[in-house]
Amino acid sequence: MHPVLFLDIDGVLHPQRSKTTAHFDMDLNKKLAEEYMDPHFLDLSPYFTNHIYYGFDQKACSLIAALVSRFDAHIVLTSSWRMVYTHQELYYLFKILHMEDAFVGITKKQTPRQDVIREYIEDHDIKQYLVIDDQDMTKAFPFHAIHTQNCFNEEDYHIACTLLEIQHVQNQ
């Protein structure tokens with residue numbers, strides 16, 4: 001069974017307090033379509049793709065990708081982005097981040113977030129998981145939550161690895 005990362009975006013992959021980037025590449029969608037040999041990039045808003053490509057914290061994205069790779073984890077998006085963007089747009093968000101194969105879904109478009117995460121866990125009989133969020137969910141999900149401080153960092157990564165390793169041993 002694959003562990004699941006219940007992933008927030010803002011404050012985890014995208015800095016809450018970021019320097020506004022003036023960089024905007026009108027040809028980015030075309031470049032991505034060619035790079036990935038996927039014409040669907042041309043259907044996306046260039047503001048959406050530029051925001052992800054240039055606005056996300058590259059170190060945080062790399063660390064989440066490393067966590068996915070190390071544990072063969074799946075990603076379920078819990079971010080408020082699930083309320084704004086379509087499933088296809090979210091798929092392409094993860095494709096830009098090279099994690100599209102790990103992206104398996106989103107929680108219900110309801111709140112509070114911890115309730116829809118619990119419901120998802122129960123409905124899918126998930127035993128190994130982490131909630132990675134800038135909202136402190138450690139009380140709601142003891143030993144299953146990482147509380148980020150303006151992006152997922154090295155310390156968060158090491159804690160996440162430890163928690164997933166413990167969960168793996170407990171569920172054998």
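Leaving aside its neighbours within four places in sequence, which residues is Ile 132 in contact with? The close-ups below, all taken from a predicted model, start with that residue.

**View 1. Ile 132 and its contacts.** Once neighbours within four places in sequence are set aside, Ile 132 touches Leu 5, Phe 6, Leu 7 and Asp 8, along with Val 12. Ile 64 and Leu 67 are also in contact with Ile 132, as are Ile 146, Thr 148 and Phe 152. Ile 132 is itself among the residues with the most contacts inside the largest nonpolar core.

**View 2. The largest nonpolar core.** This core has 44 residues. Besides Ile 132, those with the most contacts inside it are Leu 13, Phe 56, Leu 67, Trp 81, Leu 93 and Phe 152. The largest share, seven residues, is supplied by H3. Apart from this core lies another one, of twelve residues, including Ile 121, Tyr 129, Phe 141 and Ala 145.

**View 3. Asp 10 and its partners.** Look for Asp 10 in the loop between E1 and H1. Beyond its neighbours within four places in sequence, Asp 10 is in contact with Gln 16, Trp 81 and Asp 134. With Trp 81 there is a side-chain to side-chain polar contact of 3.0 Å, and Trp 81 also belongs to the largest nonpolar core. If you are tracing the chain, note that Asp 10 and Phe 56 are 46 residues apart along it, while their C-alpha atoms are separated by 9.0 Å.

View 4. Within the helix, Phe 48, Thr 49, Asn 50, Ile 52 and Gly 55 are buried. These buried residues pack against three helices: H1, H4 (81–84) and H5.

**View 5. Where H2 meets H5.** A pair of packed helices is described by the angle between their axes and the distance between the axes. Here the axes of H2 and H5 come within 10 Å and cross at roughly 35 degrees, and the crossing is right-handed. From H2, the residues taking part are Phe 48, Thr 49, Ile 52 and Tyr 53; from H5, they are Glu 89, Leu 93 and Ile 96. By class, this contact has five nonpolar residues, one polar and one charged. An α-helix has 3.6 residues a turn, so residues three or four places apart point the same way.

**View 6. Backbone features in three loops.** What kind of peptide bond joins Thr 111 and Pro 112? The bond is cis, with omega about 0 degrees, and Pro 112 sits in the loop between strand E3 (103–106) and helix H6 (113–123). His 98, in the loop between H5 and E3, is not a glycine, yet its phi is positive at about 65 degrees. His 98 counts as exposed because its relative accessibility is 57%. Asp 125, in the loop between H6 and E4, is likewise not a glycine and has a positive phi of about 50 degrees. With 47% relative accessibility, Asp 125 counts as partly exposed.

Technical notes. Residues are numbered from 1 along each chain as its sequence is written. This is a predicted model: local features need pLDDT of at least 70, side-chain atom pairs count only at pLDDT 80 or more; totals for chains, interfaces and linings use all residues. Side-chain values use heavy atoms; hydrogens and water are left out. A nonpolar core is a set of buried Ala, Val, Leu, Ile, Met, Phe, Trp, Tyr and Cys residues joined through side-chain atoms within 4.5 Å. Buried means under 20% relative accessible area, exposed over 50%, partly exposed in between (1.4 Å probe, protein chains only). Helices (H or I, at least four residues) and strands (E, at least two) are DSSP runs, numbered from the N terminus. Contact means heavy atoms within 4.5 Å. A polar contact is a pair of N or O atoms within 3.5 Å; within protein, one must be able to donate a hydrogen and the other to accept it, and residues adjacent in sequence count only if both atoms are side-chain atoms. Axes are lines fitted to C-alpha atoms, for helices over the stretch in contact, and angles run from 0 to 180 degrees between N-to-C directions. A crossing is left-handed if the near helix is turned anticlockwise from the far one by less than a right angle, and right-handed if clockwise. Ala, Val, Leu, Ile, Met, Phe, Trp, Tyr, Cys and Pro count as nonpolar, Asp, Glu, Lys and Arg as charged, and the others, Gly among them, as polar.
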